[in-house]
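Good morning, colleagues. Please keep the sequence and the structure in view while I speak, as I shall refer to both throughout.

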Amino acid sequence: MTYTQADKNRLRWRSRRGLLELDIVFELFLEHDFDQLSPAELDVYQDLLMLPDIDLLELVDGKAETTDKRIAPILERLRHWQVVKTQ
């Protein structure tokens, strides 16, 4: 899929979560990494945003792992910001 600026803005809006812990991580991710994502990575990111907040938090915190190899690179970036957030 080709992403327009409007599409990216919608993804940014959907990145706002119901948990403060996720909001902080996503804010850092959006500020530093989001604009460098390829269209394929944006597709994966969009899929990741479909997860419930609790499941997503467990993935980002490293308390759960995914078997979906497509998600792993984006999840690694989010986990980086989770670590930075706690420092």
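In what follows, contact means heavy atoms within 4.5 Å. With that in mind, which residues does R17 contact, leaving aside its neighbours within four places in sequence? They are L22, D23, F26, L49, L51, P52, D53 and L56.

Two remarks on the basis of these values are in order. This is a predicted model, in which local features need pLDDT of at least 70 and side-chain atom pairs count only at pLDDT 80 or more, while totals for chains, interfaces and linings use all residues. Residues are numbered from 1 along each chain as its sequence is written, and side-chain values use heavy atoms, with hydrogens and water left out.

Let me stay with R17, which is placed in the loop between helix 1 and helix 2. Helices here are DSSP runs of H or I with at least four residues, numbered from the N terminus. R17 has a relative accessibility of 13% and therefore counts as buried; the term buried means under 20% relative accessible area, exposed means over 50%, and partly exposed lies in between, with a 1.4 Å probe and protein chains only. The side chain of R17 also reaches the backbone oxygen of L51, at 2.8 Å.

Is D7 buried or exposed? D7 counts as buried, because its relative accessibility is 14%. A polar atom of the D7 side chain lies 3.0 Å from the backbone nitrogen of T4. Apart from neighbours within four places in sequence, D7 is in contact with M1 and T2.

A salt bridge is a side-chain nitrogen of Lys or Arg within 4 Å of a carboxyl oxygen of Asp or Glu. How many does the structure hold? There are six salt bridges. One of them joins D7 to R10, with the closest N and O atoms 2.6 Å apart. Because D7 and R10 are three residues apart in helix 1, about one helical turn separates them.

Another salt bridge pairs D35 with R12, and here the closest N and O atoms are 3.1 Å apart. This pair links distant parts of the chain, 23 residues apart: D35 is in the loop between helix 2 (20–32) and helix 3 (39–48), and R12 is in helix 1. D35 is partly exposed, with a relative accessible area of 46%, and R12 is partly exposed at 27% relative accessibility.

A further salt bridge brings together the side chains of R70 and D47, at 2.9 Å from N to O. R70 is in the loop between helix 4 (53–61) and helix 5 (72–86), whereas D47 is in helix 3, so that this pair too links distant parts of the chain, 23 residues apart. D47, R70 and D68 are linked in a network of salt bridges.

Finally, the interior. In soluble globular proteins, nonpolar side chains tend to be buried together. A nonpolar core is a set of buried Ala, Val, Leu, Ile, Met, Phe, Trp, Tyr and Cys residues joined through side-chain atoms within 4.5 Å. The largest such core has 23 residues, and those with the most contacts inside it are F29, F34, Y45 and L78. Helix 2, helix 3, helix 4 and helix 5 are the elements that give two or more residues to this core, and helix 2 gives the most, with five. Not counting residues up to four places away in sequence, F29 touches F34, L37, Y45, R77, L78 and W81.

Methods: A polar contact is a pair of N or O atoms within 3.5 Å; within protein, one must be able to donate a hydrogen and the other to accept it, and residues adjacent in sequence count only if both atoms are side-chain atoms.
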